[in-house]
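Please look at the sequence and the structure, which I shall then discuss step by step.

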Amino acid sequence: MEKWLSTWSIGQQGKLNDFENIKEAGFEGVEILTEQLRAIEYLQYAKRSGLKVSIHLPFHDLNLATPDPFIYERVSSVLSMWIELIAEYGGYHATLHGGYAWSSEERYDSLLRVKERLVILGEKANQLGIELAFENLIPDKLNYCHHIASNVEEWISLINETSVKACLDTGHLACMGGNMEETIERLGNSLVAIHLSDNDRNSDLHLLPGEGGDITKGLFHFLEKSSFKGPIVYEINPYKYSLEDIFTHLISLKQKR
Ligand SMILES: [Zn+2]
């Protein structure tokens, strides 16, 4: 099972040396968070360090569910640009957030738009040899706006109806209230990447595994018996942990085996 690291965990001031250390610590690849200030340099550092690469597409200003055609045009062009770039770098997957409906009442219309847009983007990614990995999000507990996808049923329906792949975020799933093993089984071959972190099942804390409610207990063992071949991407909070903390965690895992 390949372990990868999200470049979010490096922080904004990463150097080539950090990427070499990540490789040395046993990570086989990195998922570049494209919203980071030096995302392009990180992509170059990763390649120079012999790490495999994928990307997490930008999302904060780019709402895939937007009803505004001009904003969608911009969303589509920026996401396509990143997919083309990661294909040039020989990448594997592009993780995507489905955006959000402006209000919960508007969610059905938003879901239809997201469905159409996932098909278009998924085909584009496919043509370039990149797997579009649609990630599960955290429900808005106020039920004011509606994040897509907010629950396992909605997420799996969109995946099945659009033929895109899936990135399972373990922290988000715990906040959704979904069962990990059952969800992995239901995703089957659609599952191409996992975002790994721990939390208290309420907030998306991005803790090292075992430092919250231990929500990923037994995950590695379970995956070894499954058909999952993708990377497990550690998505660990850079404002709480250093790279050294993450490397120490990895060493302790090896010692337990
Ligand atoms: Zn994630």
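I begin with R201, which sits in the loop between strand 9 (191-196) and helix 8 (219-224). Helices and strands here are DSSP runs, helices being H or I with at least four residues and strands E with at least two, all numbered from the N terminus. Residues are counted from 1 along each chain, in the order in which its sequence is written. The model is a predicted one: local features need pLDDT of at least 70 and side-chain atom pairs count only at pLDDT 80 or more, while totals for chains, interfaces and linings use all residues.

The phi of R201 is near 70°, a positive value in a residue other than glycine. Most residues other than glycine have a negative phi, and most peptide bonds are trans. How many C-beta neighbours does R201 have inside 10 Å? There are 15, so R201 counts as partly exposed. The scale is as follows: a residue is buried if 20 or more other C-beta atoms lie within 10 Å of its own, exposed if 12 or fewer, and partly exposed in between, with C-beta atoms placed from the backbone.

S163 also has a positive phi, about 65°, although it is not a glycine. S163 belongs to the loop between helix 5 and strand 8 (165-169), and with 13 other C-beta atoms within 10 Å it is partly exposed. A further backbone feature is the cis peptide bond that joins I148 and A149, with omega about 10°. A149 is found in the loop between strand 7 (146-147) and helix 5 (152-162).

Let us turn to the overall fold. Eight strands form a closed barrel in the order 1-2-3-4-6-8-9-10, with parallel pairing; two strands pair if DSSP finds at least two bridges between them. Neighbouring strands of this sheet are turned by 30° against each other on average, direction ignored. Such angles run from 0 to 180 degrees between N-to-C directions, and the axes are lines fitted to C-alpha atoms, for helices over the stretch in contact.

Strand 2 (residues 29-33) and strand 3 (residues 52-56) run parallel and are joined by five bridges, and L33 has H56 in strand 3 as its bridge partner. Strand 2, helix 2 (residues 39-48) and strand 3 make a right-handed β-α-β unit. From strand 3 the chain crosses through helix 3 (residues 69-88) to strand 4, and this β-α-β crossover is right-handed. Right-handed means that, with the strands pointing away from the viewer, the path from the first strand over the helix to the second runs clockwise. Strand 3 and strand 4 pair in the parallel sense over two bridges, and I55 has A94 in strand 4 as its bridge partner.

Is strand 3 mostly covered or uncovered? Strand 3 is mostly covered, for four of its five residues are buried.

In helix 2, the buried residues are Y42, L43, Y45 and A46. Seen down the axis of helix 2, they fall within an arc of 165°, so they line one face of the helix; the arc is that of the directions from the helix axis to the C-beta atoms. Their cover includes helix 1 (16-24), strand 2 and strand 3. Just after helix 2, G50 takes a positive phi of about 80°.

Thank you for your attention.

How values were computed: Contact = placed C-beta atoms within 7 Å.
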